[in-house]
Each structure stands twice: as structure tokens, then as C-alpha cells.
Amino acid sequence: MTSTSARRWRRRLPDTATTEAGAPTLARRLGRLDLTAMGVGTIVGAGIFVITGVAAAEKAGPAIVLSFILAGTVCALVALCYSELAAMVPVSGSAYTYTYATLGEAPAFLVGWNLLLEFIIAGAAVAIGWSGTTVSALESMFGITVPKALAAGPAEGGVVNLPAMLIIAAIVVVLVGEVTLTARITKALVTVTIGVLVLVVAVGAPHVDIGNWTPFAPFGLGGVIGGAAIAFFAFLGFDVVAASAEEARDPRRDVPFAIIGTVLIATLLYALVSAVLTGIAPFAALNNGAPIATAFGRLHIGWIGNVIVIASIIALSKGLLMVVYAQVRLMFAMCRDRLLPYGLAVTGKRSTPTRLTLVLGVLGAMVAGLLPIDIVVELVNIGALSAFAVVCVGVLVLRRVEPDRERPFRTPFVPLVPILALTGCALLATTLDALTWVRFAVWVLVGIGVYLGYGRKRSTLVEA
């Protein structure tokens with residue numbers, strides 16, 4: 001094996017956040033509270049306000065509570081693997097960077113390519129949920145009806161989902177500023193989000209009709225697992241924490257803390273909220289992008305319901321902010337490695353990748369404006385599951401090839417935890433529709449073409 005091909009197979013893990021001379025870098029300005037707030041801000045607010053209804057109506061029924069617990073358990077195992085690598089490689093890129101260091105350039109590109117699918121589509125899904133909740137609130141609270149042609153994509157009988165596109169545009173405006181601005185806004189909105197979900201449980205619990213929980217698992221065990229595969233979308237926030245490692249002041253300690261804490265907090269809140277929602281309304285009635293608004297709209301409880309709906313809109317805005325932030329940081333790492341156009345990684349006066357933010361914002365707005373939420377959610381999950389599985393493999397590989405490497409955080413019970421995490425990812429992936437796998441295969445083939453035709457010839461390893 002030549003020296004170049006050996007480097008292409010695996011790039012040694014850096015001790016610190018190193019880049020090629022003159023390459024763009026990000027400023028380290030985020031503390032432990034910032035990181036945890038960003039993770040919780042992405043998880044608690046995006047998934048619960050968007051996909052609970054779809055997963056309950058089409059997959060699990062009231063047993064969506066068990067689906068969230070199963071998805072949370074799998075994510076907790078994956079989070080332990082993420083934490084080990086995040087503490088060792090404190091740079092942007094998340095699973096892409098980890099794969100580059102353990103399995104090599106080509107697998108890393110495909111992981112990064114699939115994560116781009118995950119984040120771009122996740123942002124679109126949250127934007128669609130924001131649109132559905134906002135349109136519903138305008139009609140119920142102010143009597144303003146947004147024409148369906150402007151509030152839904154072509155597959156849902158409309159022309160374009162304009163509110164979804166507009167909220168992405170607003171998020172882009174925030175993200176071109178300093179990262180500390182994003183962190184301050186996120187911490188404030190996380191407080192609102194947690195308060196909203198506590199209010200949902202407190203106000204909704206007395207209105208629960210136990211009859212709505214019968215049958216509890218109408219689609220059987222397969223439905224619970226299928227619901228977990230959809231609910232997996234709700235746990236993407238810890239990946240956002242990993243993506244922000246290069247901007248953390250003490251990434252070796254704070255990133256693992258934030259990753260694990262985020263998953264635990266989210267699992268508890270999701271189980272409680274989903275139990276209340278399916279108890280308030282028949283699960284079949286929640287099959288839309290705004291399940292909380294739908295459920296509380298049936299109660300006619302006046303101003304409290306309106307407060308919950310408005311706060312839901314705020315929480316979705318915050319979740320979208322974090323998802324777009326993560327996709328920009330991921331692509332920044334790939335562009336900096338010259339696997340995608342290097343010019344896009346240029347940072348502005350505020351040390352933020354403005355060009356990437358604008359490009360990805362336009363792409364996300366197009367997806368949100370034209371695609372329905374069910375297709376969007378399943379594409380998110382298959383991209384995430386593939387990337388998470390590779391991270392687990394990376395931990396196993398690195399323990400073998402660099403057993404004496406310093407590990408500020410160590411995944412416990414290796415190889416058991418990575419193997420269980422891999423098994424969980426595979427189990428959830430098998431429940432996704434065949435058409436989702438076809439779409440994913442097409443995306444992967446396009447990625448292989450981009451790598452062979454562009455990235456492989458221009459990457460930093462070629463110049464090394």
C-alpha cells in the first residue's frame with residue numbers, strides 16, 4: 001500500500017482541532033450550558049411537535065409511548081459511542097469527521113453525504129411542522145385562513161408551502177450572525193419549550209380519555225418498532241451537539257456531557273407528552289404535521305390552548321434554528337477537506353460560514369416548500385441510522401487500531417454497547433418502507449458519483 005493510499009484509508013485522530021494551514025476555522029465560544037441547550041433545543045421541540053401524530057396514526061397507535069422509549073434507548077447507546085469520539089476529535093463534522101479518522105476518506109464522504117440528507121430533510125420537516133402549526137393558529141385564533149395553495153406542497157393538493165419557506169429564510173438571517181447570538185437565542189427559547197411541554201402535560205392530563213388508549217398497540221410489536229423508527233427523527237439533537245464540537249470551549253468534557261444529557265431529558269419528556277396527546281384525541285386524528293395543535297383544538301379550553309399553540313410555534317422555530325446550524329457545520333467540514341467546493345467554507349467577519357448558510361437555506365426551503373411531511377421524515381431517519389451505525393463501528397475499529405489512545409470519555413462495556421447500538425439501528429432501519437430505501441439508494445449512488453468525479457481528485461489527502 002502506498003503512503004497516499006494508506007492516508008486515504010485512515011487519517012490519524014488529531015489531539016486538538018487541527019486543520020491545514022490557512023484553512024477556515026470556527027471560534028470556540030460555547031460552554032457546557034450552551035451545548036446542552038442547543039441539544040435539548042433541537043430534540044425537545046422539533047420531533048415532538050412534528051412527528052408524534054404521524055408515528056402514532058400510521059405505526060404505533062397509543063403505544064407510541066413505547067416507541068419513544070425504544071428510540072431513546074437506541075439513541076442513548078449511540079450517544080455513548082458518539083461521546084467517546086467527540087471527546088477525542090473536537091472539530092466540526094460529527095460522524096463524518098469520526099469516520100474519516102477511523103475508516104478513511106471514502107466511507108467518511110458517504111457518511112457525510114448521508115448526514116447532509118438527514119439534516120437538510122430534517123430542517124424541511126420541522127419547517128413543514130412550523131407551517132402547519134402556524135396556519136392552524138392563524139385560523140383558530142384570528143380567523144385568518146391561508147389558502148391551501150400557499151400552505152401545502154403539490155403532493156398535498158397545494159402549490160407551495162410558503163410559510164415553511166419563509167421561516168427557513170428567517171433562520172438563515174439569524175445564523176449568518178455570530179454563533180454566540182445563536183446560543184443566546186437558543187437558551188431563551190429552550191426555557192420556553194420546556195415550559196410548554198410541562199404545560200401540555202399539566203393541562204392535558206385531566207382531559208385524558210382512557211378509552212383513547214384502547215387498543216393500546218393496534219399495530220402490534222411491529223408497529224411499536226416502526227413507530228420507533230419514525231420517532232428516531234426526534235432524537236437528532238445530540239448529533240447537533242457533536243457537530244458544534246469545534247466551537248466548544250472545553251469539548252473533551254462538555255460535549256459528552258451535553259450529548260448524553262440531551263438524550264435522557266428528551267426521552268422522559270417525549271414519553272409523557274405522547275401519552276397525553278394520544279389520551280386527549282384518537283390517535284388516527286393526529287395524522288398531520290401539527291399534532292399538539294390538533295389535540296388541544298378538540299378541548300376548547302380557551303386561552304391556555306392558544307398559549308400552548310403559540311409556544312409550540314416558538315419551539316419549532318428554535319428546533320429549526322439548530323438543525324440548519326448543524327447542517328452548515330457538517331458541510332463546512334467536508335468543504336474544508338475539499339471533498340466539496342472549498343470556496344463554500346470561507347468564513348466571514350463573524351467567523352461563520354455565510355456562503356454555506358445561504359446555499360443550504362435555499363435548498364432546505366425548496367424541499368420544505370414542495371415535499372409532504374411523511375416522505376421527509378422517513379428520509380431523515382434512514383440517513384441518521386446509517387451514520388449512527390458507522391459511528392458505532394468506528395468505536396470498535398479505533399479500540400483495536402489505537403488501543404492506547406487517550407480517551408477523555410470512554411464508552412462503557414465495549415464491545416457490548418456498540419454492538420447493541422448497531423443492532424438497534426439495524427432493527428429500526430428494517431421497518432422503513434421499500435420506497436424509502438430506493439430513494440436512499442439513489443442518494444448514495446449520486447454521492448458516490450460526486451466523490452469519484454469531484455472529491456477524490458481534489459481532497460486534502462491528494463495534496464498531502
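The model is predicted, so local features need pLDDT of at least 70 and side-chain atom pairs count only at pLDDT 80 or more, while totals for chains, interfaces and linings use all residues. Residues are numbered from 1 along each chain as its sequence is written, and side-chain values use heavy atoms, with hydrogens and water left out.

**A tucked-away helix**

- Buried means under 20% relative accessible area, with exposed over 50% and partly exposed in between (1.4 Å probe, protein chains only).
- The buried residues of α5 are Ala95, Tyr96, Thr97, Tyr98, Thr99, Tyr100, Ala101 and Thr102.

- Helix α7 (residues 162-175) packs against helix α13 (residues 303-336) at an angle of about 60 degrees, and their axes are 10 Å apart.
- For these values, axes are lines fitted to C-alpha atoms, for helices over the stretch in contact, and angles run from 0 to 180 degrees between N-to-C directions.
- On the α7 side, the contact (heavy atoms within 4.5 Å) uses Ile167, Ile168, Ile171, Val174 and Leu175, and on the α13 side Ser317, Leu320, Leu321, Val324 and Tyr325.

**Salt bridges**

- A salt bridge here is a side-chain nitrogen of Lys or Arg within 4 Å of a carboxyl oxygen of Asp or Glu, and the count comes to five.
- One of them joins arginine 407 and glutamate 84, at 3.0 Å from N to O.
- That pair links distant parts of the chain: arginine 407 is in the loop between α15 (373-401) and α16 (416-429), while glutamate 84 is in helix α4 (residues 64-88), 323 residues apart.
- Both partners are hidden away: arginine 407 is buried at 8% relative accessibility, and glutamate 84 is buried at 0%.
- Another salt bridge pairs glutamate 247 with arginine 329, with the closest N and O atoms 3.1 Å apart.
- Glutamate 247 sits in the loop between α10 (237-243) and α11 (251-280) and arginine 329 in helix α13, so this pair ties together parts 82 residues apart in sequence.
- Glutamate 402 also forms a salt bridge, with arginine 405, and here the closest N and O atoms are 3.9 Å apart.
- Finally, salt bridges that share partners join Glu84, Arg399 and Arg407 into one network.

Terms used:
Helices (H or I, at least four residues) and strands (E, at least two) are DSSP runs, numbered from the N terminus.
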